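Let's take a walk through this structure together, one piece at a time. Keep the view open beside you as you read.

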Amino acid sequence: MYLTKDEERIYEGESGWATQICMKILVRLGELFNATKLIPVHSAHVSGVSYKTLGDSPTEFLEALSNAGGKVTVKATLNPHGYDTEYLSKKLDKHLCKKQLNILRTFKKMGFTRSFTCTPYYLERQFRNAHLAWAESSAVVYANSVLGAWTNREGGPSALAAAIIGKTPDYGMHKAENRQPKLLVTLESKLKNEAEVGALGILLGKILEDNIPIIQGLKIASKDTLKQLGAALASTGMANMFYLSSPFTKTNKLERITIENKDLKHTIETMSTTSKSKPDLIFIGCPHCSINEIKQIASLINGKKVKKDTEFWVCTSHHIKEKARNYIKKIEKSGAHIITDTCAVVTWTDQLGIKTIMTNSAKTAHYTPTLNKADTILAPLKECLKTAIKG
Ligand code: F3S
């Protein structure tokens, strides 16, 4: 792999251990994928911020980087962590919160933006044609497919290294030839809601492996629905992008598959792991809610109250919470909890006695049995609200 004189000096350790190890991570990755050079990135987004998913050894590596003077050199955002300060921190084990706090302090010292969201694309708007080094898989698919940005699905360490070096190896989704669709997907009938679109993502992820699809019949889907599709697609497969229409005119040479209604129905049924009708938690906001979604939830609640003994969480970033203040107030008045900086998957729901989670997110439904050790019910937003709200 070609390195500039400056990059070589960093690689040899002339700028210290922190930048040297980061450069080595990027070069090793580049060599693995036959990259010929490093390219500058507009921003890096690091996942694995929650102590629940990070654990002790990576935390020690992070601290070593920070102690050795590691600092970000490009805009660098962070995924959700293990708690929010207003609600969950008061209920969770203090020892876990302390461990989490240390991780947050380390990231802060290194100059990361304390975004704590899986939707960093709501923090700014200029992503078209930008090369990124993002690690959150749902954001990667959204960035490539909806925002017109260029990013591989980074791991936590490579996104961290890219944040510090400001560059990433030039391979995979950074190259136009790897962004060509390989399959044409048609749907037997129109999908009715975001849970069905999420289930489509789960099913396609398993079928496609890393092949990029054109998905016909979803053209009018909202950006929020496409966010659900990408999150689900990335949960079960390695495709980092989808198209809704062909980027070039001829599609006759592409392999074709049709998703039948019975396949989708079966996927939704198998994703709900319990027949219990009363979940311990109703969770909306995976990936974190947009302003539009917050608005929609406020209008569907329409002054009604959350049922007695019902735990209802709406997760978003503190950025969106601030921007949608009026709608947030309406939702909170119902008795629902607006939770920022974390989500049901990366916090410790088992510590709160939560054994069944109802959600409109196929991604959450996919991970809940393993990461939350809980049963799951996948249902569209309106049904989740019907379960949570009186009347
Ligand atoms: Fe975000 Fe948590 Fe879902 S990090 S994508 S809300 S699992």
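**Charged pairs, a sheet and a ligand**

Across the whole structure, a search turns up 14 salt bridges. Keep in mind that this is a predicted model. Side chains of opposite charge can pair when their charged atoms come close. Let's look at a few of these pairs.

Start with Lys-99 and Asp-56, whose side chains meet in a salt bridge at 3.3 Å, N to O. Lys-99 belongs to helix H5 (residues 94-109) and Asp-56 to helix H4, so this pair ties together parts that are 43 residues apart in sequence. Lys-99 has 27% relative accessibility, so it counts as partly exposed. Asp-56, at 38%, counts as partly exposed too.

Next, find Glu-269 and Lys-265, another salt bridge, this one at 3.5 Å from N to O. Both sit in helix H10 (residues 261-271), and because they are 4 residues apart there, about one helical turn separates them. Is Lys-265 buried or exposed? With a relative accessible area of 54%, Lys-265 is exposed, while Glu-269 is partly exposed at 47%. Elsewhere, salt bridges with shared partners join Lys-37, Asp-170 and Lys-175 into one network.

Now turn to a sheet. Its 5 strands run in the order S12-S11-S10-S13-S14, forming an open sheet with parallel pairing. At the edges are strand S12 (337-340) and strand S14 (375-378), each pairing on one side only. On average, neighbouring strands here are turned by 25 degrees against each other, ignoring direction. Strand S13 (residues 356-359) pairs with S14 over 4 bridges, in the parallel sense, and Met-358 stands opposite Ile-377 in S14. Helix H14 (residues 362-372) packs on the sheet, where it touches strand S10 (281-284), S13 and S14, and its direction makes about 175 degrees with that of S14.

Lys-363 is in helix H14 and Glu-136 in the loop between strand S4 (131-134) and helix H6 (137-147), so to speak two distant parts of the chain, 227 residues apart. Both Lys-363 and Glu-136 are buried. They also turn up among the residues around the ligand, which include Cys-118, Ser-138 and Cys-286. That shell divides into 6 nonpolar, 2 polar and 2 charged residues.

Last stop: Val-72, in the loop between helix H4 (56-67) and strand S3 (75-78). At 19% relative accessibility, Val-72 counts as buried, because the cut-off is under 20%. Beyond its sequence neighbours, Val-72 touches residues including Met-110, Phe-112 and Ile-164.

Technical notes:
Residues numbered from 1 in each chain as written. Predicted model: local features only at pLDDT ≥ 70, side-chain atom pairs only at ≥ 80, totals over all residues. Heavy atoms only, no water. Buried < 20%, exposed > 50% of the residue type's maximum accessible area, 1.4 Å probe, protein only. Contact = heavy atoms within 4.5 Å. Pairing = 2+ DSSP bridges. Axes fitted to C-alpha atoms, helices over the stretch in contact; angles between N-to-C directions. Near = heavy atom within 4 Å. Nonpolar A, V, L, I, M, F, W, Y, C, P; charged D, E, K, R; others polar. Salt bridge = Lys/Arg side-chain N within 4 Å of Asp/Glu carboxyl O. Lists of a residue's contacts leave out its neighbours within four places in sequence.
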